[in-house]
Amino acid sequence: MSQNFEQLCNLHVCDLVAYEPGKPIEDTARELGLDPDTIVKLASNENNLGPSAKAVETIQSQLADMHLYPDGGGYALRTALSEKLDVDFDQIILGNGSNEIIELLSHVFLNPQVNLVASEHAFVVYRLMGNLFGANYKKVANPDFKHDLPAMLAAIDENTRLVFIANPNNPTGTDVTQAEIDAFMEALPEHVIAIFDEAYYEFLDEPVDVLKYVRQGRKVCVLRTFSKIYGLAALRIGYGVASKEVASILQKARQPFNTNSLAQAAAIAALEDEEHVTATRAMNKAGLAYYEQVFKEMNLEYVPSVANFILVKAGQGEAGQELFEAMLKQGVIIRSMKSYALPEWVRISIGTQAQNERCVEVLKNILQ
Ligand SMILES: *Cc1c(COP(=O)(O)O)cnc(C)c1O
């Protein structure tokens with residue numbers, strides 16, 4: 001009767017490490033006996049201004065239709081996106097968060113015979129997905145926390161299928177320039193699909209254009225999300241923009257109703273709410289400047305960021321995890337960078353001015 005459980009499952013899955021998200025407010029409140037309303041969460045790069053009021057209103061008006069399946073083809077949202085981005089309807093695929101598109105790409109292109117290329121401090125989901133599909137993960141050094149695109153090109157071999165470039169990158173907050181991208185695309189071999197993960201694109205002052213490569217029919221997939229600037233992380237809605245051949249094969253790999261009606265409707269409303277986006281960008285800009293000023297005063301090393309979070313060095317050894325734990329006890333949730341092989345560092349998401357000040361107060365209490 002006794003069966004070793006490990007003999008029942010796929011071995012490469014047994015060996016995986018589950019993704020560790022930012023610590024939820026409710027968990028923290030329960031474990032530490034704190035009032036959830038007093039907890040400040042700056043751990044998952046959410047929009048601390050909240051969702052667009054227009055998106056909330058739209059959802060409320062649609063609640064009574066919850067018994068109906070969503071439009072699996074996402075017609076209205078894909079139409080709105082194709083108009084906004086000036087690409088064809090067929091070039092857009094919706095995902096249950098853009099994370100799902102990363103999984104779909106992996107379904108389609110990864111297996112134990114091939115590899116993917118990404119930076120040393122790239123978004124951890126690329127590695128998790130590579131492992132899930134048994135593909136080899138080729139990690140490329142990123143001096144100064146910036147993607148080294150020429151080194152990434154050099155790492156590509158005949159078995160490479162996917163190369164991931166988050167721009168701006170999470171958790172480093174750095175970006176690559178249009179000139180760097182253009183040189184990269186010029187040299188990219190035909191058998192490799194380039195994935196530009198633009199989860200934080202809307203925060204950029206000088207946005208780059210990679211959609212031109214989609215329009216040219218190159219093998220690229222651009223990932224965007226409603227989880228960050230649009231403030232809809234709970235709804236799980238993101239999208240990929242890809243050349244037709246890539247987009248159509250991704251469509252075959254998804255669940256029939258992978259994105260829900262409320263998320264689709266809220267996304268359309270959020271997309272049109274330019275005021276909310278502008279207010280968020282302003283809050284973020286002020287918050288980034290505030291943290292940089294504080295870190296300078298405190299003599300803390302940090303990585304200048306163009307996104308809605310900032311990487312700061314807490315000290316030596318395991319200082320990042322220690323700072324995370326100490327701040328957690330005082331009701332401020334930040335992110336330890338241990339799982340990113342940056343044990344000395346923490347990542348702080350930009351909040352409202354009041355949240356940022358509370359975070360800094362607790363930070364100073366602990367470090368000084
Ligand atoms: C947050 C994030 C995503 C998107 O997450 P979803 O909520 O699944 O849309 C994708 N890539 C990076 C680099 C991110 O930081």
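Reply: The discussion below concerns the pockets of this predicted model.

Me: What is the volume of the largest pocket, and how many residues line it?

Reply: One begins with volume and lining. The largest pocket has a volume of about 550 Å³. Its lining comprises 29 residues, and those nearest the pocket centre are Tyr19, Ser44, Asn99, Lys228 and Arg236.

Me: How does the lining of the largest pocket divide by class?

Reply: Here one sorts the lining residues by side-chain class. For the largest pocket, 13 are nonpolar, nine are polar and seven are charged.

Me: Which helices and domains supply the lining of the largest pocket?

Reply: The next step is to trace the lining back to its elements. Helix H6 (98-109) and helix H7 (124-132) each contribute at least two residues. At the level of domains, at least three lining residues come from each of domain 1 (5-50 + 275-367) and domain 2 (54-271).

Me: What are the volume and the lining of the second largest pocket?

Reply: The second largest pocket has a volume of about 320 Å³ and is lined by 17 residues, with Phe203, Leu204, Asp205, Glu206 and Val306 nearest its centre. By class, the lining has eight nonpolar, four polar and five charged residues. Helix H13 (residues 274-297) provides the largest share of this lining, five residues.

Methods. Residues are numbered from 1 along each chain as its sequence is written. This is a predicted model: local features need pLDDT of at least 70, side-chain atom pairs count only at pLDDT 80 or more; totals for chains, interfaces and linings use all residues. Side-chain values use heavy atoms; hydrogens and water are left out. On a 1 Å grid over the protein atoms alone, a cavity is a set of points where a 1.4 Å probe fits but cannot get out, and a pocket is an open set with protein on both sides within 12 Å along at least five of seven lines; lining residues have an atom within 4 Å of a point. Grid points are joined across faces, edges and corners, and a volume is the space filled by probe spheres set on the points. Helices (H or I, at least four residues) and strands (E, at least two) are DSSP runs, numbered from the N terminus. Ala, Val, Leu, Ile, Met, Phe, Trp, Tyr, Cys and Pro count as nonpolar, Asp, Glu, Lys and Arg as charged, and the others, Gly among them, as polar. Domain bounds come from an automatic or database domain assignment.
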